[in-house]
Amino acid sequence: IAAQRLEIEGLVQAKALVDAEAHQAKEEKMSSLKLAAETIEQQQQDIRTLTLEKEQLNAEAHTAMEMGTKLAEISERLQQQMDTLSGLQGVNAENETLRAQLRDAEASFAAAGVEVSFAGPP
């Protein structure tokens, strides 16, 4: 009976040791799972933050493209106005040449004793 009692006590101690080890392993696993859950939550928050940043950058890129299109339109209109101005300057130079020729012609007629007057703007 004493031998059986020693054997039972040994088994009880062995079971207690196994239970303690199982409990320790369970605690370690729970701690590991908790850490993994926190890591996952942080990663999900990072993904949400990056998604918001991406959406903001996309909106800014869209705005920049619209501004680029408007700038191109303005640049084209400005070039047209510059071309028109250049053409008008050419016409003005031609008008000045014609006025000078007209003055020369009036002077020639006046020198010949013929009185003529070409009406026009000064």
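Colleague: Quick one to start: is Leu 52 buried or exposed?

Modeller: Leu 52 counts as exposed, at 57% relative accessibility, where buried means under 20% relative accessible area, exposed means over 50%, and partly exposed is what lies in between, with a 1.4 Å probe and protein chains only. Before going on, please keep in mind that this is a predicted model, in which local features need pLDDT of at least 70 and side-chain atom pairs count only at pLDDT 80 or more, while totals for chains, interfaces and linings use all residues. Residues are numbered from 1 along each chain as its sequence is written, and side-chain values use heavy atoms, with hydrogens and water left out.

Colleague: Where is Leu 52 found, then?

Modeller: Leu 52 is found in helix H1, and its C-alpha atom is separated by 74 Å from that of Ala 2, which is 50 residues away along the chain.

Colleague: How many residues does H1 have, and how far does it reach?

Modeller: H1 runs over residues 2-111, which is 110 residues, and it reaches 159 Å from its first C-alpha to its last, close to the 164 Å expected at 1.5 Å a residue. That expected span is 1.5 Å times one less than the number of residues in the helix.

Colleague: And what box does the whole chain fill?

Modeller: Taken along the principal axes, the C-alpha atoms of the protein chain fill a box of roughly 165 × 15 × 15 Å. The radius of gyration of the chain is 50 Å, whereas a compact globule of 122 residues would have one near 14 Å; the radius is taken over C-alpha atoms, and the globule rule is 2.2 Å times the number of residues to the power 0.38.

Colleague: What share of the residues counts as buried?

Modeller: Of the 122 residues of the protein chain, 0% count as buried. The chain exposes about 10,900 Å², with carbon and sulfur atoms supplying 61% of it; accessible areas come from the Shrake-Rupley method with a 1.4 Å probe, and for residues only the protein chains shown count as cover.

Colleague: Switching to charges: how many salt bridges are there?

Modeller: The count comes to three salt bridges, each being a side-chain nitrogen of Lys or Arg within 4 Å of a carboxyl oxygen of Asp or Glu. Side chains of opposite charge can pair when their charged atoms come close.

Colleague: Which residue does Lys 15 pair with?

Modeller: Lys 15 forms a salt bridge with Asp 19, the closest N and O atoms being 2.9 Å apart. Both residues lie in helix H1, four residues apart, about one turn of the helix. An α-helix has 3.6 residues a turn, so residues three or four places apart point the same way. Lys 15 is exposed, with a relative accessible area of 52%, while Asp 19 is partly exposed, at 39%.

Colleague: What about Arg 99, which partner does that one have?

Modeller: Arg 99 forms a salt bridge with Glu 96, with the closest N and O atoms 3.1 Å apart, and these two residues lie three residues apart in helix H1, again about one turn. Arg 99 counts as partly exposed at 24% relative accessibility, and Glu 96 counts as partly exposed at 40%.

Colleague: And Arg 48?

Modeller: Arg 48 forms a salt bridge with Glu 41, the closest N and O atoms being 3.4 Å apart. Arg 48 is partly exposed at 39% relative accessibility, and Glu 41 is partly exposed at 42%.

Colleague: New topic: which residues make the nonpolar surface patch?

Modeller: Phe 109, Val 114 and Val 116 make a nonpolar surface patch of about 210 Å². Patches are made of residues with over 30% relative accessible area and no salt bridge, with like charges joined within 9 Å and nonpolar side chains (Val, Leu, Ile, Met, Phe, Trp, Tyr) within 5 Å. Val 114 lies in the segment after H1 and is partly exposed, with a relative accessible area of 39%.

Colleague: Which residue just after H1 takes a positive phi?

Modeller: That is Gly 113, whose phi is about 85°.
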